[in-house]
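Dear colleague,

I am handing over the structure below, and I would be glad if you could look through it before reading my notes on its salt bridges and on one of its helices.

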Amino acid sequence: MQDILARIAAQAGGWVELRFQGRSTQQIAVRNGELEESSSKRIQGIGVRALVDGVFGFASTTDLRESSIVETVKAAQSAARTSAAAKKHRIPGLASASMAVGTFPVKTSDPLDDHPLEEKLELVLRIDERIRKASSSVVSSSTSYAEIQDEKIIVTSDGARAHLFVAIPEFRVMAVAQKDGNQCFGMKANGVHGGWRDLFAAMSPEDMADYAVRTAVEQLTAPLPQGGLATVVLDPGLVGVLSHEAIGHTVEADIVLGGAITAEKMNEKVASELVTMIDSGASEHAPHATGTLAVDDEGVATRKTTLIENGVLRSYLHNRETAAHFDVEPTGNARAFEYSDAPIIRMRNTYIEPGDTPVEDLIAGVEDGYYMCGLGFGGQADSNAEFMFGVREAHRIHNGKLGEVVRGATISGNAFDVLSSVDAVGNDFQWDLGAGTCGKSQYAKVDAGGPHLRCKATIGGRQ
Amino acid sequence: VNDETQLREQCRGAIAAAKQCGADEVEVFAQTSRTISVEIEKHDLQTSSSQQETMIGVRAYVDRRVGFACTNVIEELDATCADAVKLAKASPKDDHNVLADPVPVAPIDGLYDPAAETFTVSDAVNQAIRMIETAESMDRRLVLGGGSFSANLSSRCIVTTRGIDVASNGSLFTYHALATAKDGTQVSNMAFHFDASHAVDGIDVGPVAAHACRDALGSLGAKKGESFVGPVILAPNAVQSILAGLFAFQLSAKNALRGASRWGGTLGQSVASPSLTLVDDGCLPGGVATESFDREGLPHRKLILIEAGVPQALMHNAYTARAMNADNTSHATGSARTIPYIGPTNLSILPGASSKDEMIAEMKNGLLVNRFSGSSNPISGDFSGVAKAAYLIKDGKLDRPVTGTLIAGNVFDALNKLTGISSDTERVFTAILPYVRIDGISVTAE
C-alpha cells in the first residue's frame with residue numbers, strides 16, 4: 001500500500017498528502033449489571049489533501065483500488081482549485097520539516113488482541129457487580145471498556161513514508177450513591193497507549209471501582225465548600241486538565257491566529273517561574289500516555305515542545321502551515337481522527353514538569369485551603385483562558401493536614417492567573433487524562449498530567 | 001454510488017451471512033452518504049472537501065443475546081456479520097432483546113431534492129462566499145471567525161428477519177456562521193446562527209450570517225454586568241444548550257427503565273408551568289431530523305411529550321417498549337455506526353402568545369442571554385456557565401450589552417418558574433425553539 005501511495009503522490013503534480021487508515025474498535029458497556037452495548041467497528045479509507053495555488057482541498061474514499069485513489073487525488077486538487085479563485089489569503093508555502101520515514105509499532109509486551117472478548121466482557125461485568133455490592137448506599141453502577149486500534153500509512157509528495165500503529169484501551173467506572181434523596185457520583189477512568197497490562201499498571205480495575213464507590217459515598221454526608229479565592233493543592237489530574245483545557249487550546253496556533261489571549265504574549269512571563277509546560281509526542285516521566293504519537297498526520301516526526309519555560313511563553317503548537325506563518329519549525333501537532341478528517345492542530349501529551357517539593361510538604365504548607373483531585377462533571381474553558389471545572393474529589397486542608405471531604409466543588413479562574421500564583425511544584429508525576437477525548441470539530445485521543453502543585457484559585461460549590 | 005437497490009442487496013446478503021453464523025434474528029442498516037463541505041475560518045475560505053462512504057451496521061441476536069458490528073469495508077461484510085454473532089454469543093441473555101415488528105412506512109415528501117445530485121464544490125464555495133459578503137456588506141467591523149456550508153446526499157436501508165424492509169433517500173444542506181465584531185481594542189462575544197434546507201431552492205445563507213452579525217455587533221462595548229437573582233430571557237440557542245439535553249434524558253424510556261429519570265415514573269404529574277408544551281415530530285415538514293422511518297425501521301410520528309407542563313409520554317424503542325410493556329414510539333436514533341439509542345427527532349417547544357419584544361417590554365430588570373457556554377447536568381438539573389452576547393434589561397428595554405456574566409440555577413426548579421414563551425421561534429440544529437423567560441435565576445457579574 002505504501003508503495004502505491006508513494007507512486008500516486010509522485011505523479012500527482014504539486015503537493016499532496018495521502019493517509020491510509022484502518023481502524024478497529026471495540027466497546028463494552030454495562031450499567032447496573034445489564035449489558036448496554038457490545039460492539040465492534042472496522043473502518044478503513046484514504047484521505048487526501050492537496051495544496052493547489054496556495055489553497056488546501058480534501059477528499060476521501062473507501063475504495064482502495066489505485067484508480068480510485070487517483071480519482072480522489074484529483075477531487076482534492078479540484079476542490080482546492082475551486083476555492084482558490086475566491087480565497088483572500090493564499091498559503092505561501094509549508095514549513096519544511098523532518099518528515100518521518102519508517103515503521104512505528106505500539107510498544108507493549110501485552111497486545112490487546114491477545115485478550116479475547118470473553119475476558120474483557122467478564123471483567124466489565126465483574127467490576128460492575130463489585131461497585132453495586134461495595135456499599136448499600138450505591139444505587140447505580142456503570143462500567144465500560146473501549147479500545148481503538150489504528151494502522152496508518154502516511155505519504156507526502158515531499159518525503160513522508162510512515163507506517164504507524166496505535167492501540168488505546170480505556171476503562172471507566174462510575175458509582176451513584178444516594179441518601180435522603182441526595183445523589184452523589186464517584187468515578188474513575190484510565191486509558192493508555194499500549195496493551196492490556198499497561199491499562200491497569202497504575203491502578204487495578206478493582207481499585208478503580210473501590211475509589212469510585214468511596215468518593216461517591218463520602219460526598220453523601222459532606223458539606224459544600226465555601227466559595228471564594230483559596231489556596232489549593234491540585235493533583236496531577238487537575239494539573240493535566242488545566243494544562244490541556246485552559247492553557248493548551250490557547251496556544252494552538254490556529255486558535256492564536258483566531259485571536260486567543262496568547263497572541264501578544266510570546267516570550268512574556270505568563271506563569272510562575274516554577275512552571276514549565278510541555279506538549280509532547282513522547283511519553284516523558286511515565287510510560288504509555290494516550291496521546292503518544294511518533295508521527296503526526298502530516299507525516300512530521302513529533303517533537304517535545306516547550307510551551308512555557310520557567311514561566312515564559314516560548315512556543316505555540318503548529319502544523320506545517322502555521323509554522324511557515326510564524327517562521328518556526330513544525331511541532332508535529334497536525335492530527336486527524338479518521339481517514340475522512342483533514343488534519344488540524346491538536347495536542348498530544350500535555351503536562352507540567354515536576355519540581356522538587358515532596359507532595360506532603362505541599363499540603364503541610366497550607367494553613368487553610370483545599371486539596372482537589374481530578375475532573376468531575378462539567379467544565380468549560382475559553383480562548384481567553386477563563387475556565388471552570390467540576391472537581392471529582394475535594395478535601396479541606398486545615399493547618400497543613402488533610403481534613404474533611406467537601407462535595408460538588410468547582411474550580412474556576414483565569415488559567416494564567418492560576419499558574420502565576422503557583423508557589424510550589426511537587427516532585428511526583430502522573431498521567432491522568434488518558435481516557436479523555438478532546439473535541440475540536442473532530443475527536444482526538446490525548447493525555448495530560450503533571451505533578452501536584454500549589455496555587456490560588458476560585459472555589460465554588462453547587463447544591 | 002450505492003443506490004437503494006444496491007443497499008438492499010447488501011442488507012439481504014448480510015442477513016444471510018449472519019444467519020449462517022448462527023444468528024436467529026438479524027437487523028442490517030446500510031447507509032450511504034456523500035458530503036461536500038466548505039469551511040470558513042478567520043473571514044476566509046478554508047479547506048473544501050468531498051467525501052463518500054457506505055457504512056453497514058449488523059445487529060445479530062442469538063437466543064435473546066445481542067451483538068453489534070459495523071464496517072465500511074464492504075468486501076469484509078461477511079466477517080463483520082461473524083463478529084456481530086460472536087459478540088452476541090458472548091453476551092448475557094436479556095428477554096427484552098427483540099426486533100420490532102414491521103409497520104407500514106409512508107414516504108414523506110420534500111426530503112430529497114434531485115437537484116442536489118448536481119450540486120458541486122463550486123456551488124458550496126459560492127454559498128460560503130455569500131456568507132462572508134453578507135458580513136462585509138453590513139459593517140466593516142465584522143469578522144466571520146468561523147462557519148460552514150455542507151451538502152449531504154444519503155440513502156438508507158433497513159432490512160430485518162422480522163420482515164422490516166424499508167429504504168429512503170435524502171438531501172440536506174446545513175450552514176452556520178460564527179461572527180465577531182472588533183472595534184479598536186474592543187472585541188464582541190462570538191455569535192452563532194444555524195439553518196438548514198432539504199431542497200436546493202430553500203438554501204438561504206444570507207439571513208443566517210446576518211443574524212450572527214447583528215448579535216456580534218450588539219455585544220460590542222459590553223461591560224461588566226450586575227449581580228441579581230431574577231428573570232432571564234433565554235434565546236433559542238441558550239434554550240437548546242440548557243434545556244434540550246435534559247428533556248431528551250428525562251423523557252427517554254431507557255433512562256426511566258434504569259430509574260435514572262425523575263419523570264419516568266410520574267407521567268401525568270405537573271413538572272413545569274402550564275405554558276410549556278413539548279412536542280417531538282419526526283415527520284415535521286422541512287425538519288432537519290425528518291425521516292420517514294427511525295433507526296429500527298419504524299415510521300416516525302408526532303408525539304406530545306409534555307402538554308401544558310405535564311409529561312404525557314416517554315420516547316421508546318423496541319427494547320424499552322417490550323421491557324415496559326408500552327407502545328413503541330419509534331424513537332430509535334443513531335447511524336449505521338452505532339447501536340440504536342433513544343432520542344428525539346425534531347424537538348419543539350410550542351410557541352406562546354407574546355413576541356420576544358413584548359416579553360422584554362414586560363420586564364423591569366433582567367438579562368437576555370443569546371448564547372450559553374457552560375454545562376447543564378441532565379440528571380441533577382444543575383446548570384452554570386457564561387452568558388454570551390447578553391444584555392441587561394431595564395424598564396422594558398435592552399439597556400446595554402454585558403460581558404463576564406455567569407448564570408446558574410436548576411432546570412427542574414426553572415421549569416416551574418417559566419413566565420413567558422415567545423411566539424417567535426428559531427431552528428437550532430434539529431430543534432425548533434422559542435425565547436423562554438425564567439424567574440429566579442442567579443446572575444453573577446464577575
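A:Glu147 and A:Lys120 form a salt bridge whose closest N and O atoms are 3.0 Å apart, a salt bridge being a side-chain nitrogen of Lys or Arg within 4 Å of a carboxyl oxygen of Asp or Glu. The pair links distant parts of the chain, with A:Glu147 in strand E5 (residues 138-156) of chain A and A:Lys120 in helix H3 (residues 117-134) of chain A, 27 residues apart; helices (H or I, at least four residues) and strands (E, at least two) are DSSP runs, numbered from the N terminus. A:Glu147 is buried at a relative accessible area of 6%, and A:Lys120 is buried at 3%, where buried means under 20% relative accessible area, exposed over 50% and partly exposed in between (1.4 Å probe, protein chains only).

Please keep in mind that this is a predicted model, in which local features need pLDDT of at least 70 and side-chain atom pairs count only at pLDDT 80 or more, while totals for chains, interfaces and linings use all residues. Residues are numbered from 1 along each chain as its sequence is written, chains are lettered from A and ligands numbered from 1 in the order in which they are written, and side-chain values use heavy atoms, with hydrogens and water left out.

Over all chains, the search finds 56 salt bridges. In chain B, B:Arg295 forms one with B:Glu27, with the closest N and O atoms 3.0 Å apart, and it links the loop between strand E10 (278-281) and strand E11 (302-307) to strand E1, the two residues being 268 residues apart. Both B:Arg295 and B:Glu27 are buried. Salt bridges that share partners also join A:Arg23, A:Asp150, A:Glu338, B:Glu53 and B:Arg337 into one network.

A further salt bridge, between B:Asp165 and B:Arg12 (2.5 Å, N to O), ties strand E5 (residues 165-183) of chain B to helix H1 of chain B across 153 residues. B:Asp165 is partly exposed at 29%, and B:Arg12 is likewise partly exposed at 46%.

As for helix H1 of chain B itself, its buried residues are B:Leu7, B:Gln10, B:Cys11, B:Ala14, B:Ile15, B:Ala17 and B:Ala18. Seen down the axis, these fall within an arc of 165 degrees (taken from the directions from the helix axis to the C-beta atoms), so they line one face of the helix. On the other side, B:Glu9 and B:Gln20 are exposed.
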